[in-house]
Amino acid sequence: MTDWAAAILAAAGTVLVYIGARKFYQRFSYPITLPIVTGTVVIIVVLLGTGISYDTYMLGGRWIEHLLGPAVVALAYPLYKQRKMLKMYFFPLLVSVTVGAFAGVLSGYYLSRLAGVEQALIASVLPKSVTTPVAMEVAASIGGPPPLAAVFVMVAGIGGVVTAPYLFKCCKINHVLAKGIGIGSASHAIGTAKALENSEIEGAASSVAMTLSAVIVSIIIPLLALLFF
Amino acid sequence: MDVIRIIMHIMILYFFYYAGVWIQEWFNLVIPGSIIGMLLLLSLFYTKLIKPKWIAMGTSLVLSHMPLLFLPVTAGTIVYLELFSGSGLWLVAIAFTSTLFVMAVSGMTAQIFAKRREQHD
């Protein structure tokens with residue numbers, strides 16, 4: 001098969017899997033049946049079953065991945081539409097995202113230490129709460145392998161969106177802004193995509209949290225690494 | 001017509017994306033180009049140089065199907081599947097636990113502040 005055919009097949013296949021996953025979610029709506037979960041599982045199972053390598057899949061997969069850049073740019077739209085709300089709550093946003101950023105880095109560090117994880121691996125766990133490119137860059141700057149950092153970013157993203165409804169209930173977090181901030185701080189753009197499905201306000205709060213969090217984490221990790229390592 | 005409109009809207013988003021990437025590379029920033037592009041677009045909304053409705057259709061389409069765009073990336077976990085068995089599972093568990101902690105702490109902090117603010121009004 002030529003590269004082009006493989007690429008087209010991979011891209012079309014991904015879209016089909018997504019459509020199927022969405023249909024499935026519309027019929028059976030549970031956090032665990034979110035399209036990002038079932039879609040990921042189906043693609044991985046298909047690749048394992050057919051023996052197609054991830055690199056071959058990505059010939060077409062990267063066309064879809066490439067749209068993530070403009071999609072993040074598009075977040076400016078809900079942010080602008082919710083600007084009055086965000087301005088009014090600017091201080092709570094800033095404080096809670098900062099608290100969340102520290103909570104993520106410190107808990108990641110101390111839990112890893114407790115489990116006796118080696119330093120290079122700790123370095124790739126620490127930036128898990130922020131969007132992939134930032135996490136990879138930050139991990140690399142403190143000696144963690146970037147591809148591994150990306151995996152933990154996915155764990156934070158998918159793990160976060162699946163558990164969010166239960167966690168919010170459990171911690172009595174019911175304010176729409178608080179939910180958006182929680183999911184954006186913990187699960188970056190994957191969380192923001194889910195928040196946008198819930199409401200525009202939640203999506204806007206999540207976008208702010210994800211952006212601020214990326215900035216804060218990329219500043220505090222290199223500084224804390226000086227102390228830790 | 002709608003298709004053409006959507007394509008034009010996405011092209012505008014791409015323009016901001018590449019402008020952001022360019023700024024990131026030029027100034028050697030850690031913040032990704034996509035986020036810089038978003039801030040650029042947001043500032044143009046504020047200055048009224050660009051009206052949100054000019055790109056509304058394409059933006060809504062892209063945003064409502066964001067999970068699709070993540071699938072190739074999340075499927076990349078396949079390369080590190082062995083991490084999910086054996087000792088690597090510890091790391092996955094740590095990343096997950098820490099994620100829940102972040103969500104709870106930031107969410108509760110935000111809720112306390114937001115509710116206090118509402119009581120003042």
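**Entry 1: the interface.** I worked throughout with a predicted model. I first looked up the contacts and found 71 residues of chain B in contact with 95 residues of chain A. I then took the buried area: the two chains bury about 7500 Å² between them, and carbon and sulfur atoms account for 82% of it. I searched this interface for salt bridges, and the rule finds zero. For polar contacts, the rule finds 17 residue pairs across the interface, with both residues at pLDDT 80 or more.

**Entry 2: the side of chain B that touches chain A.** I asked which elements of chain B give two or more residues to this side. They are helix 1 (2-27), helix 2 (33-46), helix 3 (56-64), helix 4 (66-74) and helix 5 (88-120). Helix 5 of chain B gives the most, with 26 residues. Sorted by class, this side of chain B has 51 nonpolar, 15 polar and five charged residues.

**Entry 3: backbone angles.** I noted A:Lys172, a residue other than glycine, with a positive phi near 55°. I placed A:Lys172 in the loop between helix 10 (146-170) and helix 11 (176-198) of chain A. Is A:Lys172 buried or exposed? Its relative accessible area is 63%, and A:Lys172 is therefore exposed, as the cut-off is over 50%.

B:Lys48 lies in the loop between helix 2 and helix 3 of chain B. I recorded B:Lys48 as exposed because its relative accessibility is 60%.

Technical notes. Residues numbered from 1 in each chain as written. Chains lettered and ligands numbered in written order. Predicted model: local features only at pLDDT ≥ 70, side-chain atom pairs only at ≥ 80, totals over all residues. Heavy atoms only, no water. Contact = heavy atoms within 4.5 Å. Buried area = accessible area lost by both parts, 1.4 Å probe. Salt bridge = Lys/Arg side-chain N within 4 Å of Asp/Glu carboxyl O. Polar contact = N/O pair within 3.5 Å; in protein donor to acceptor, adjacent residues only side chain to side chain. Helix = DSSP H or I, 4+ residues; strand = E, 2+ residues; numbered from the N terminus. Nonpolar A, V, L, I, M, F, W, Y, C, P; charged D, E, K, R; others polar. Buried < 20%, exposed > 50% of the residue type's maximum accessible area, 1.4 Å probe, protein only.
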